[in-house]
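Visitor: I would like to learn how to read the features of a model like this one. Please take them one at a time, with the general idea before the case.

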Amino acid sequence: MSRPDRDEHRDTRTREDAVSTPDDLKYTAEHEWVRAGSGGTVRVGITDYAQEALGDIVYVSLPAVGTDVTPGEAFGEVESTKSVSDVFAPVAGTVSARNEALEAQPELLNSDPYGEGWIVEIDVPDPSVVDTLLDAAAYRELLDAH
């Protein structure tokens, strides 16, 4: 029995197979993730799939603390060497914190999108709205459909 060539095996993998989609997060069709916190605060960022599609991120435009956001509306931008993309609010609420580290290190979105690369925290009046977002399995199905 012959062993498959490693490169041949790698070529059969799709981008969606290689990206990370943690099960403890919620997702949007626009490729944002949401992590529910305590007291009605959620943390928001872009997914591994989004950062990979964007390429090397060179600038992030963050909203001011106190900004009210509306689901589906842009609240910031991510600029890469390939393009500029809007970041959309996954839930309604008020920005309570922004990741100031991204001003000096926008590449954190590439290196650690689910950790140090978070974008904002939003105080939400109704934390149950997070449950209406895509779970990891549904988000993976969305990626498979691309």
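Visitor: Is Phe75 buried or exposed?

Guide: Buried means under 20% relative accessible area, exposed over 50%, and partly exposed in between, with a 1.4 Å probe and protein chains only. Phe75 has 10% relative accessibility, so Phe75 counts as buried. This is a predicted model, in which local features need pLDDT of at least 70 and side-chain atom pairs count only at pLDDT 80 or more, while totals for chains, interfaces and linings use all residues. Residues are numbered from 1 along each chain as its sequence is written, and side-chain values use heavy atoms, with hydrogens and water left out.

Visitor: In which strand does Phe75 lie, and which residues is it in contact with, leaving aside neighbours within four places in sequence?

Guide: Helices (H or I, at least four residues) and strands (E, at least two) are DSSP runs, numbered from the N terminus. Phe75 belongs to strand S6, residues 74-80. Contact means heavy atoms within 4.5 Å. With neighbours within four places in sequence set aside, Phe75 is in contact with Val44, Pro63, Val69, Val87, Phe88, Ala89, Pro90, Ile119 and Val120.

Visitor: Which residues have the most contacts inside the largest nonpolar core?

Guide: A nonpolar core is a set of buried Ala, Val, Leu, Ile, Met, Phe, Trp, Tyr and Cys residues joined through side-chain atoms within 4.5 Å. The largest one here has 25 residues, and those with the most contacts inside it are Val42, Ile46, Phe75, Leu109, Ile119 and Ile122. Two or more residues each come from S3, helix H3 (48-54), strand S4 (57-61), S6, helix H5 (108-111) and S9. S3 gives the largest share, three residues. Apart from this core lies another, of eleven residues, among them Tyr27, Trp33, Tyr49 and Tyr114.

Visitor: What is the order of the strands in the open sheet?

Guide: Strands of a sheet pair through backbone hydrogen bonds, either parallel or antiparallel. Two strands pair if DSSP finds at least two bridges between them. The open sheet has six strands in the order S1-S2-S3-S9-S8-S5, with antiparallel pairing. Its edge strands, S1 (26-27) and S5 (68-69), each pair on one side only. Strands S2 (residues 32-36) and S3 (residues 41-46) run antiparallel and are joined by five bridges. Glu32 stands opposite Ile46 in S3.

Visitor: How many salt bridges are there?

Guide: Side chains of opposite charge can pair when their charged atoms come close. The rule is a side-chain nitrogen of Lys or Arg within 4 Å of a carboxyl oxygen of Asp or Glu. By this rule the count is four. One of them joins the side chains of Arg43 and Glu121 (2.6 Å, N to O). Arg43 is in strand S3 and Glu121 in strand S9 (residues 120-123), so this pair ties together parts 78 residues apart in sequence. Arg43 is partly exposed at 26% relative accessibility, whereas Glu121 is buried at 19%.

Visitor: Which residues are linked in a network of salt bridges?

Guide: The network links Arg98, Glu100 and Glu103. The closest N and O atoms of Arg98 and Glu100 are 2.8 Å apart, and the side chains of Glu103 and Arg98 meet at 2.5 Å, N to O. Arg98 counts as buried at 19% relative accessibility, and Glu100 is partly exposed, with a relative accessible area of 44%.
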